[in-house]
Amino acid sequence: MDRRKILRLFGTAAVAAQLPLAVVAKAAEVKKKGVMLMNRIAPSISDLYIANLDGSNERKLLADSAFDYNASRSPDGKWLLFTSERRADGQSDLYRARADGTGIEVLAKTDSMEDAGVLSPDGKTLAFVSTANGYRANIWLRDMASGKVRQLTGIGEIKGKDGKPDCYFRPSWSPDGKWIAFSSDRNTEWTGHDQGQGWEHTQELAIYMVRPDGSGFRQVVAKQGYCLGSPQWSPDGKRIVFYEMTVEATWGARRPNYIGKAYSQIVSVDAATGKDRTEHTTGTDLKLQPQYLSNTEIGYLIKYGPNEGLAYTSNRAPVKQTFIRSPSWSADEKSVIYEKVSFKPIRPLMKPLFSWDPEYDYRHVDVYPLMSRDGWIVYTDKQLGNSSVWVMRPDGSDKRKVFESSGRGLDETKVRMGLAGAFQPCWSPDGEWITFGLGYWFAERNTMTAAIWRVRRDGSGLEQLTDGTLHSGFPSYSADGKEIVFRVWSAQEKGLRILNLDTRKTRVLTQGIDNLPGWSPDGQRIVFTRRRDDGNYDVYTIRPDGSDLFRATDHESSDGHAVWAADGRIMWSGSQHGFRDEAALYEQTFQQYGQIYVMNADGSNKRLLTDSRWEDSMPLYLPSN
């Protein structure tokens with residue numbers, strides 16, 4: 001899509017100027033500088049299905065199936081609306097198809113994220129979520145006759161405080177078409193999981209409504225310390241139903257190992273007053289995305305656990321089926337559409353991804369990729385295997401394992417869960433050695449051990465560099481290859497340490513809650529993530545002698561996982577532009593809306609490199625040949 005078409009689509013140059021790089025620059029052919037490798041945590045398969053309410057007669061929904069999700073019907077039942085990444089992995093657009101799954105056509109397509117489309121009762125207006133103006137998730141409206149698009153939230157009165165969460169999700173039309181209900185985290189706080197200790201954020205949502213012309217904006221219902229999501233109207237327009245869980249539970253709701261600990265209830269209130277509260281469910285199932293089938297019956301999704309599938313507040317029999325998501329019931333109570341998601345087969349190495357930067361092609365890689373001076377990539381196969389260390393050429397060829405994590409005394413169950421293994425391999429400057437941390441990671445570090453190891457690039461010469469009495473990990477070589485910086489963790493001792501490989505002596509570099517250090521290509525500075533006393537995570541740099549500490553990011557949200565580009569810039573994973581959807585609806589991810597950013601080493605010229613719905617991280621620039 002060229003720039004002129006974008007301007008016509010969004011109406012003003014002011015809006016278009018804030019669109020991602022690819023939107024405003026793809027008209028001209030740009031010579032590629034190379035490839036950016038990156039990791040994406042997202043299902044590899046998502047297909048739409050339709051079935052009878054009892055689960056019988058299940059079949060594919062679309063004649064031309066791709067990576068499709070979040071489907072709904074038009075009020076007259078003639079059209080299916082859905083989100084799809086059929087244009088490229090990570091690029092979500094809105095489409096529609098006829099009721100029989102044929103005749104697929106695009107409804108909203110920019111290089112921003114478009115999702116969660118629903119038609120008004122008269123079929124004349126499409127409400128949807130887009131990150132088009134400023135990378136934040138907002139609700140937009142599209143006139144179906146003219147194609148004109150306008151922003152509804154995130155502007156004027158419907159805009160939250162600067163620097164705070166301020167995104168808007170899951171629009172739902174009232175039966176008379178006069179109101180749109182939605183959930184929002186506006187004016188809440190950036191809060192990590194585990195009572196603010198974690199890097200990944202929890203989510204607090206309230207339910208709001210507004211008229212389609214932007215007037216009458218008001219909060220319907222909120223509950224401090226809770227997340228209220230996915231509002232839907234009763235057929236008579238008198239009540240709004242939603243799911244309700246604690247803010248802390250929004251972290252566990254995307255982690256299958258929290259079954260029974262992260263749960264929710266289905267609740268409804270009077271739409272006019274926000275009162276007359278009714279809890280329709282009990283128990284410890286994770287209950288999401290409710291919808292009225294009639295004024296007296298509600299269907300909803302149970303995510304994870306023994307009762308996973310579709311359930312009802314009536315005596316209707318549940319439909320137990322794993323990994324079905326986003327149900328949408330027909331108005332005649334005869335059918336339900338939903339998506340089936342899977343992480344297997346895993347997204348392959350070097351798979352092309354959508355690129356938001358016209359100067360680089362994007363491709364998928366496993367975690368902690370790093371390039372040697374002679375052009376080889378080392379990485380941890382956390383998502384594709386058992387967290388061992390592999391090397392390959394930049395095009396993915398000549399792949400081979402140089403260190404096997406199995407047989408090293410690790411709990412294989414923890415390894416399969418991604419909580420143990422060989423993490424963050426790093427090349428020595430001469431390319432002869434690879435150093436890495438071997439042990440247990442994430443919350444496991446509080447009770448388990450890890451040590452720094454190294455191995456020659458041919459797999460020989462394996463050597464343990466720290467004794468394991470102090471949890472140590474995430475190493476990085478100095479530019480001259482004489483020293484290694486790494487992170488330590490214990491109840492008594494935290495921070496960054498530097499090991500001299502000749503003397504085998506270690507010196508203290510920092511004593512904060514610091515992690516993921518990386519030595520700059522010129523050897524002058526070390527980048528790392530620090531958790532401050534206020535709970536905020538930011539990117540810092542420091543000189544190897546401990547002087548000149550510099551804070552490179554200062555947003556209230558979390559920034560971290562920073563790495564150096566070969567040209568001395570810093571790339572990192574950040575979250576200041578907020579959630580792209582309700583947190584509880586994501587699958588098996590950590591910081592589900594994290595995007596990749598880049599900046600100069602002095603913190604200037606910050607900009608986004610991704611604008612997807614998913615968790616994107618671990619960037620590595622590969623120059624063109």
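I take buried to mean under 20% relative accessible area, exposed over 50%, and partly exposed in between, with a 1.4 Å probe and protein chains only. By that scale Arg86 is partly exposed, at a relative accessible area of 25%.

**Ground rules.** I am working on a predicted model, in which local features need pLDDT of at least 70 and side-chain atom pairs count only at pLDDT 80 or more, while totals for chains, interfaces and linings use all residues. Residues are numbered from 1 along each chain as its sequence is written, and side-chain values use heavy atoms, with hydrogens and water left out.

**Salt bridges.** I searched the whole structure for a side-chain nitrogen of Lys or Arg within 4 Å of a carboxyl oxygen of Asp or Glu, and the search gives 44 salt bridges. I looked up Arg86 again and found its partner in Asp64, with the closest N and O atoms 3.3 Å apart. Asp64 sits in the loop between β3 (59-60) and β4 (68-73) and Arg86 in the loop between β5 (79-84) and β6 (93-98), so this pair ties together parts 22 residues apart in sequence; strands here are DSSP runs of E of at least two residues, and helices runs of H or I of at least four, numbered from the N terminus. Asp64 is also partly exposed, at 46% relative accessibility.

I then noted Arg277 and Glu279, whose side chains meet in a salt bridge at 2.8 Å, N to O. Arg277 is partly exposed at 38% relative accessibility, and Glu279 is partly exposed at 47%. Asp567 and Arg569 form another salt bridge, at 3.0 Å from N to O, and here Arg569 counts as buried, at 19% relative accessibility. Salt bridges with shared partners join Arg40, Asp89, Arg347, Lys351 and Asp616 into one network.

**Nonpolar cores.** I define a core as a set of buried Ala, Val, Leu, Ile, Met, Phe, Trp, Tyr and Cys residues joined through side-chain atoms within 4.5 Å. The largest has 43 residues, and Ile180, Phe182, Tyr243, Met245 and Leu288 have the most contacts inside it. Apart from that core lies another of 18 residues, including Phe403, Val415, Trp427 and Phe436.

**Cysteines.** With a disulfide taken as a pair of cysteine sulfur atoms within 2.5 Å, I count zero disulfides. The sulfur of Cys167 has its closest cysteine sulfur 13 Å away, in Cys227, which is too far for a bond. Cys167 is buried at 0% relative accessible area, and Cys227 is buried at 0%.

**Cavities.** On a 1 Å grid over the protein atoms alone, I call a cavity a set of points where a 1.4 Å probe fits but cannot get out, and lining residues have an atom within 4 Å of a point. Points are joined across faces, edges and corners, and a volume is the space filled by probe spheres set on them. I count five cavities of 30 Å³ or more.

Note on methods: 1 Å grid on protein atoms, 1.4 Å probe; cavity = no way out; pocket = protein on both sides within 12 Å on 5 of 7 lines; lining within 4 Å.
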